[in-house]
Amino acid sequence: MENGLVIKSTGSNYLVYFDGGQTMECHIKGNFRIRSIRSTNPVAVGDRVTVKTLQDGTNWITDIADRKNYIIRRSTNLSKESHILAANLDRVALIVTLYHPTTSTTFIDRFLATAEAYCVPAVLIFNKVDLLTPEQQKELADLRALYESIGYTTYAISALNDKTVNDKIIKGVTLLAGNSGVGKSTFLNALFGREMTRTGHISDAHDKGMHTTTFSEMYRFGDNWIIDSPGIKGFGAVQMEKEEISHYFREIFQIGRECRYGDCRHTGEPGCAVYNAVVEGRIAISRYESYLSLLGDCDESKYR
């Protein structure tokens, strides 16, 4: 048996990398899929696994090492609860665009809350800034100031035109995430200086990206690793309790300590410091609305 790193998953087969540099295509048995794991993919890119080679030459994953963290989202398969995008991450880089296509602040906030919930440091990369008008550049500056005031690092880039796309963004094992069309594949290609993944076009009718990455894959970048993931439409409250949601919005959690009642949900209760901070402009309305939206997921059991 050997221990390796899962660097590619197509749902049925897995590519495992070993320290010597060799790779093996591996499988998992059916009963392994449902063994106390409530997700559509019990093995995820970034997992450390044990592999056994049988006499017929086939390779089988027999065990998964404990994960230090992971990023999870609602599965499109309603018979399961979740889908793990990647495991054992040092950071996640969320690539967003103000326009062409528009990434909503609700999506950004839901993703950041998920990263907080699963203990994955997150940074924001605003891409396609070369396409912005002067007025939109002001909007970008305001949005960056908002997230930096909360404590998130932000970058503004043009992955298509900037041939010196910052490798300082990539540290350790980094997951690239974002809506379809925001330029994840273009960013990856610019970083490596060659075509690593296929890029797609933006739909003129809907100004939305077309899916080009259909499965997660891990690439070695010097001493680091980058995980490219499929475009994501949205995030819901996965395995989160209502009383926990405020913990994943940094400024709401901080100011919430001043509320009159310890179990305040920040939805208009008497003496709510968070609600007062929103009224006074110390908490952004967009962030508060994202919080309420995620809180509503717990009540309505939405799949997003």
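**Salt bridges**

Arg282 and Glu280 join through their side chains in a salt bridge, with N and O 2.9 Å apart. A salt bridge here is a side-chain nitrogen of Lys or Arg within 4 Å of a carboxyl oxygen of Asp or Glu. Glu280 is exposed, at 53% relative accessibility. Buried stands for under 20% relative accessible area, exposed for over 50%, and partly exposed for the range in between, with a 1.4 Å probe and protein chains only.

The model is predicted: local features need pLDDT of at least 70, side-chain atom pairs count only at pLDDT 80 or more, and totals for chains, interfaces and linings use all residues. Residues are numbered from 1 along each chain as its sequence is written, and side-chain values use heavy atoms, with hydrogens and water left out. Across the whole structure, 9 salt bridges are found.

**A pair between two loops**

Glu243 and Arg265 form another salt bridge, in which the closest N and O atoms are 3.9 Å apart. This pair links distant parts of the chain, 22 residues apart: Glu243 sits in the loop between β13 (224-228) and α5 (250-256), and Arg265 in the loop between α5 and α6 (273-279). Helices (H or I, at least four residues) and strands (E, at least two) are DSSP runs, numbered from the N terminus.

Both residues are partly exposed: Glu243 has a relative accessible area of 46%, and Arg265 has one of 29%.

**A buried pair and its network**

A salt bridge also connects Arg287 with Glu251, at 2.7 Å from N to O. Arg287 belongs to helix α7 (residues 285-300) and Glu251 to helix α5, so the pair ties together parts 36 residues apart in sequence.

Arg287 is buried, with a relative accessible area of 1%. Glu251 is buried as well, at 13% relative accessibility. Together with Asp109, Glu251 and Arg287 make up a network of salt bridges.

**Surroundings of Thr102**

Thr102 is placed in the loop between β8 (91-96) and α2 (105-117). Its relative accessible area is 49%, so Thr102 is partly exposed. The side chain of Thr102 reaches the backbone oxygen of Leu98 at 3.1 Å. A polar contact is a pair of N or O atoms within 3.5 Å; within protein, one must be able to donate a hydrogen and the other to accept it, and residues adjacent in sequence count only if both atoms are side-chain atoms.

Neighbours within four places in sequence aside, Thr102 is in contact (heavy atoms within 4.5 Å) with Thr97 and Asn179. Gly181 is 79 residues from Thr102 along the chain, and their C-alpha atoms are separated by 9.4 Å.
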